[in-house]
Amino acid sequence: MTRQTFPELQPDAIRATRDALHGYALAMGDFISTFRPRRKHWWQNSLRPCLDGLTTGPVYAQIDFELELNLRHSELRVRVDNGAQLYEPLRGQPAREMTIRIAHFLSENGLTRPPNLGDAAKRIESTTEYSASVANDLASTWRAVSAALETFRAGIPEETSPIQLWPHHFDLAMMWLPGETINGKDPANEETADKQMSFGFTLGDGTIGEPYFYITAYPQPAAFEKLKLPAGTIWHTAGFSGAVVKYGSLIMEADPEAYLVDLWNDLLRAGRQYAEQESLRKSAMNNNERKLDWHRVADIDELPEGRVKTVTAGTLSMALTHIDGQFTAMDNKCPHQGGPLGEGSIEIGGDGQCWLRCPWHGWDFDPKTGLPPGGHEDTGQTLYPVEVRSDGIYVASKPKHRMQPLLPMSWQRR
Ligand code: FES
């Protein structure tokens, strides 16, 4: 039984209030980004959901203070360590006005260093049509989303970020970090080097003009776009690439929270499995490179681009392919009934990807990974290392680490 309820949100009806609140969140963000020390992935700049809206949490500066956007009472509350409080009613006033009001109050109470003004000062200059009732619904929505994220996060053993609202994009999100860095990226720059997935919710933006949930991965495994997704979830590619659930469609579900947590868990499992495969593959490759037994299997010009042929490396029969200027070799026997893949064909799928097709019953395999198309549960084919040398193409008879297919999604259980 779901505890939190997701109120109905009409995109046109919430827009003006959402934009006003976005401005206030940016104003709050200016105060924390000025005074908080840097944390990785810029976590110092985010707000936290609280019972009735959003809070900065305590900010430790010359004086300690806290800002809260209280949507139940439609007030921006400023509290200072000396006991002073400012309750500023929300009426759709420009974010700039709010920034000045907060800065003045803090200065009166002993904060002499002014905040660095960022986006808030440039945002909406005029008063917007702010609705206290819409704001209250948005606070309830954030509460319901936060509760679902808390449930999801509680089951994750690896590192996760706080559940946080980003003032810039005005999205409530959580990040998963498997603790691995991307090859070739400077590990000191965690923002670009850390593998990660984000699970977030926004009230609508320039890409999708209505509230929606998103799940993105960085770097995004190619196999992700081929995962089977449940009804109501789509793979979005315009502007960003990720799984998307529109809020309007989510609240039609019998149990929206269960739908979200299942979706997040399934995509997290796929991401985790991919990260593990990558790391196993790297260590297997390192081991293999030390002691490989190489066999010359073909002349360099013997296999034209877009073709496949059977070759023999030692005692092993393999299908050698030539695609995108790259040669790859995989076990010649199809896992279905042992069909000779070297006598198969290279086919281009609807998405432009090349597949090696078994000549007997038409099963496909990705020549570069050995995997079948996403969502299939077949075992991947074993791949072998290939080197192009001046006197021909060489294949080693010791297998690379075999990729496993990504876990099948579990939607059928509902
Ligand atoms: S033997 Fe390869 S698809 Fe059946």
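1. The model is predicted, and the points below should be read with that in mind. The crossing of helices α1 and α2 is right-handed. Helix α1 spans residues 11-35 and α2 spans residues 95-108; their axes come within 8 Å and cross at roughly 35°.

2. On the α1 side, the contact is made by Gly23, Tyr24, Leu26, Ala27, Asp30 and Phe31. These meet Ala95, Met98, Thr99 and Ile102 of α2. By class, the contact residues are seven nonpolar, two polar and one charged.

3. Three strands form an open sheet in the order β18-β19-β20, and the pairing is antiparallel. The edge positions belong to β18 (345-348) and β20 (364-365); each has a single partner strand, so one side of each is left without a neighbour in the sheet.

4. The pairing of β19 (residues 354-357) with β20 is antiparallel and rests on two bridges. Within this pairing, Leu356 has Phe365 of β20 as its bridge partner.

5. Arg389 lies in strand β22, which covers residues 386-389. Is this residue, Arg389, buried or exposed? Arg389 has 10 C-beta neighbours inside 10 Å, and because the cut-off for exposed is 12 or fewer, Arg389 counts as exposed.

6. Arg389 can also be placed relative to Ile300. The two are 89 residues apart along the chain, and their C-alpha atoms are separated by 8.2 Å.

Conventions:
Residues are numbered from 1 along each chain as its sequence is written. This is a predicted model: local features need pLDDT of at least 70, side-chain atom pairs count only at pLDDT 80 or more; totals for chains, interfaces and linings use all residues. Axes are lines fitted to C-alpha atoms, for helices over the stretch in contact, and angles run from 0 to 180 degrees between N-to-C directions. Helices (H or I, at least four residues) and strands (E, at least two) are DSSP runs, numbered from the N terminus. A crossing is left-handed if the near helix is turned anticlockwise from the far one by less than a right angle, and right-handed if clockwise. Two residues are in contact if their C-beta atoms, placed from the backbone, lie within 7 Å. Ala, Val, Leu, Ile, Met, Phe, Trp, Tyr, Cys and Pro count as nonpolar, Asp, Glu, Lys and Arg as charged, and the others, Gly among them, as polar. Two strands pair if DSSP finds at least two bridges between them. A residue is buried if 20 or more other C-beta atoms lie within 10 Å of its own, exposed if 12 or fewer, and partly exposed in between; C-beta atoms are placed from the backbone.
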